[in-house]
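Subject: Structure handover

Hello,

Here is the structure you asked about. My notes on it follow below.

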Amino acid sequence: MTDLYKEPFRPQYHLTPPQGPMSDPNGMVFFEGVYHQFYQFTGRWGHAISRDLIHWEHLPLALVSDELGDIWSGCCVVDTHDSSGLFGGKAGLVAIFTHYKDGLQSQSLAYSRDSGSSWTKYEGNPVIPNPGIRDFRDPKVLWHEPSGKWVMAVSVNKKVYFYSSSNLLAWKYESEFGEGQGSQAAVWECPDLFLLPVDDDSGRHKWVLHVSVGDNEETDGSTAQYFVGEFDGCCFVNDDTAGEQIRWTDYGQDFYAAVTYSGIPQEDGRCIWLGWTSNWKYPFAGPTEPWKGGMSIPRSLSLRTLRDGTITLCQKPIAELKRLRADSLRFASIEASDQTVKLDFQGSSYELIANIEWEKAQSFGLRVRCSEEGNEATEIGYEPGTQTVFVDRMRSGRSDFMNREGSPFHFGKRFEAPHRAADKTVKLHAFVDESVIELFVDNGETSFTALIYPSPGSLGLELFASGGAAFFRSVDVYKLESVWRQKNNKLG
């Protein structure tokens with residue numbers, strides 16, 4: 001297909017499947033110089049690989065249904081010291097996933113002795129049978145160095161169960177977390193647990209427990225939240241002792257099931273994840289063919305203490321994305337006061353970084369994917385009076401599709417997040433790619449991910465301000481190269 005990856009709305013630097021539906025990221029692991037990205041593909045694991053997290057090669061399906069059921073979400077780890085005994089003393093890959101059959105969910109294993117090229121199901125599956133619970137899925141496994149054991153987090157309705165093992169094969173129940181904690185709006189899914197330094201201080205660390213929250217009316221769709229606290233290999237303790245604080249991961253509507261890559265070398269030092277760019281309110285409803293769904297850009301994670309003393313999870317685009325920068329433009333020292341300023345730029349796949357100051361402006365920001373007629377645009381900006389950052393896709397383009405129940409839904413929305421900008425300055429860092437926008441505010445303190453479906457000719461870029469003046473000290477725009485230019489896209 002000569003037109004593959006050139007279809008309308010097809011992202012040019014985000015991972016999407018050649019065809020068919022891509023949903024939850026699964027089995028994310030780095031091994032022997034290669035990143036493996038597995039993903040949900042109708043009860044099976046799709047498979048793509050990369051050496052830089054940017055350019056991808058699609059491989060045949062890795063795990064398919066068997067007599068124990070469909071293959072649902074899960075993870076992959078490097079069994080470095082062959083604790084499982086499956087690799088003859090060498091290192092190998094172990095996938096831990098949910099088997100689903102006849103309404104029951106259980107946890108099972110598969111292993112690869114050839115660096116992920118082929119997989120063998122463990123003959124002792126399931127390694128954790130269903131304990132009589134309806135929602136019991138999405139295992140995420142990590143090596144907990146202080147206790148010298150493997151730890152598994154499993155989603156159980158609106159809780160997380162923790163298990164431990166010395167060999168990845170036999171698992172012991174340890175504890176649960178979730179009763180009365182954070183958002184209880186819907187079932188928790190795709191848990192993740194990882195350790196991060198606070199403020200880049202190697203002597204101070206906190207554990208982050210992340211869960212996605214399923215489709216619900218309270219948040220008008222699916223979303224995600226995280227907790228910051230302590231973990232001793234058995235129990236997670238939330239720093240918010242009352243458990244009432246809700247920490248949203250992303251304030252758009254299209255970042256779900258994010259989990260981190262395991263096996264990243266210590267010398268790299270980063271904790272990296274990505275999420276599914278859709279929502280269970282409308283999982284595969286968008287006007288895209290022959291594919292449905294995709295992944296966000298990979299993001300590097302950190303913990304930062306904000307001005308009010310809150311420790312927050314920050315997300316920043318990985319540095320490798322800079323390799324895609326092609327043509328660049330800088331617009332500097334532009335003042336907008338109750339007006340719109342059209343910039344001499346057109347594009348559909350690019351990165352922009354805007355540094356903005358203000359005195360008395362009530363609202364200001366940028367409009368991307370603007371039409372010549374002025375009837376189409378997606379607006380990103382800041383309102384100092386309410387300390388609110390926003391992404392508005394109410395005029396972003398097509399929104400005339402149905403949800404998974406076959407009914408119309410409220411796709412054209414304005415998304416808002418509280419954000420306290422310092423010293424009357426704010427930095428907006430956005431990635432625009434055909435049908436998805438990702439926004440990172442002030443070095444990733446706040447993020448948004450939102451799908452859009454603009455007309456092909458809506459390529460303009462504008463600045464705006466109302467209720468006073470805003471000073472755009474610099475707006476840097478980089479056109480980004482397509483990662484799909486090579487037909488076969490083989491790894492070198």
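Helices (H or I, at least four residues) and strands (E, at least two) are DSSP runs, numbered from the N terminus. Two strands pair if DSSP finds at least two bridges between them.

This is a predicted model: local features need pLDDT of at least 70, side-chain atom pairs count only at pLDDT 80 or more, and totals for chains, interfaces and linings use all residues. Residues are numbered from 1 along each chain as its sequence is written, and side-chain values use heavy atoms, with hydrogens and water left out.

**The sheet**

Four strands make an open sheet in the order E2-E3-E4-E5, with antiparallel pairing. Strands E2 (25-31) and E5 (57-63) stand at the edges with a single partner strand each, so one side of each has no neighbour in the sheet. Strands of a sheet pair through backbone hydrogen bonds, either parallel or antiparallel.

**Strand E4**

E4 covers residues 45-50 and is joined to E5 by four bridges, running antiparallel. Trp 45 stands opposite Leu 63 in E5, and Ile 49 stands opposite Glu 57. E4 and E5 form a hairpin with six residues between them. In that turn, Leu 53 has a positive phi of about 65 degrees.

Strand E3 (residues 34-40) pairs with E4 over six bridges, also antiparallel. Gln 37 has Ala 48 of E4 as its bridge partner. This hairpin has four residues between its strands, and Thr 42 in the turn has a positive phi of about 50 degrees.

Is E4 mostly covered or exposed? Six of its six residues are buried (under 20% relative accessible area; exposed is over 50%, partly exposed in between; 1.4 Å probe, protein chains only). Trp 45, His 47 and Ile 49 lie on one side. Gly 46, Ala 48 and Ser 50 lie on the other.

**Cysteines**

Cys 314 is buried at 0% relative accessibility. Cys 370 is buried too, with a relative accessible area of 5%.

Best wishes
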